[in-house]
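The stops below go from the whole chain down to single residues.

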Amino acid sequence: MADLKLGKLPDRTPVKLGITLSPELHQSLKAYASAYEQAYGAPEPLTELIPAMLAAFLETDRGFLRARDAALRGQK
């Protein structure tokens, strides 16, 4: 096998997840989509915004990152 600088890419198979939202949260998400459109001049459907929002949240939640790193260290 070649000794490549780039490692094997992770699994990128999408996972479909169905959720139920409160009416208030749905309204807030629609308002966010509207603010996004005003900021960037292009509409994006909630189905595209929500995964990006969740990823951004998880990437900046320090408590979660510490807990996840500790769990990963415990597995090794």
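Helices (H or I, at least four residues) and strands (E, at least two) are DSSP runs, numbered from the N terminus. This is a predicted model, in which local features need pLDDT of at least 70 and side-chain atom pairs count only at pLDDT 80 or more, while totals for chains, interfaces and linings use all residues. Residues are numbered from 1 along each chain as its sequence is written, and side-chain values use heavy atoms, with hydrogens and water left out.

**Whole chain**

Select the protein chain and colour by secondary structure. There are 3 helices and 0 strands. From the N terminus, the order is α-α-α. The radius of gyration is 18 Å, well over the 11 Å that the globule rule gives for 76 residues, so the protein chain is more spread out than a compact globule. That radius is taken over C-alpha atoms, and the rule is 2.2 Å times the number of residues to the power 0.38. Draw a box along the principal axes: the C-alpha atoms fill roughly 50 × 30 × 25 Å.

Accessible areas here come from the Shrake-Rupley method with a 1.4 Å probe; for residues, only the protein chains shown count as cover. The total is about 7300 Å², and 60% of it belongs to carbon and sulfur atoms. Buried means under 20% relative accessible area, exposed over 50%, and partly exposed in between (1.4 Å probe, protein chains only). Buried residues make up 5% of the 76 residues.

Colour by charge next. Lys and Arg count as positive, Asp and Glu as negative; His and the chain ends are not counted. Each charge is placed at NZ of Lys, CZ of Arg, CG of Asp or CD of Glu. The mean positions of the 10 positive and 9 negative charges are 8 Å apart.

**Before and along α1**

Go to Leu17, in the segment before α1 (23-40). Is leucine 17 buried or exposed? Leucine 17 is exposed, at 70% relative accessible area.

Then pick glutamine 38, in helix α1. Glutamine 38 is exposed, with 68% relative accessible area.

**Helix α2**

Select residues 46-60 and find leucine 58 in this helix. Leucine 58 is partly exposed, at 38%. Its C-alpha atom and that of valine 15, 43 residues apart along the chain, are separated by 17 Å.

**Helix α3**

Move to arginine 62, in α3 (residues 62-75). Arginine 62 counts as exposed, at 64% relative accessibility. From its C-alpha atom to that of leucine 6, 56 residues apart along the chain, the separation is 27 Å.

Last stop: salt bridges, meaning a side-chain nitrogen of Lys or Arg within 4 Å of a carboxyl oxygen of Asp or Glu. How many does a search of the whole structure find? The search finds 1. Show the side chains of arginine 68 and aspartate 69, which meet in a salt bridge (4.0 Å, N to O). Arginine 68 is partly exposed at 39%, and aspartate 69 is partly exposed at 34%.
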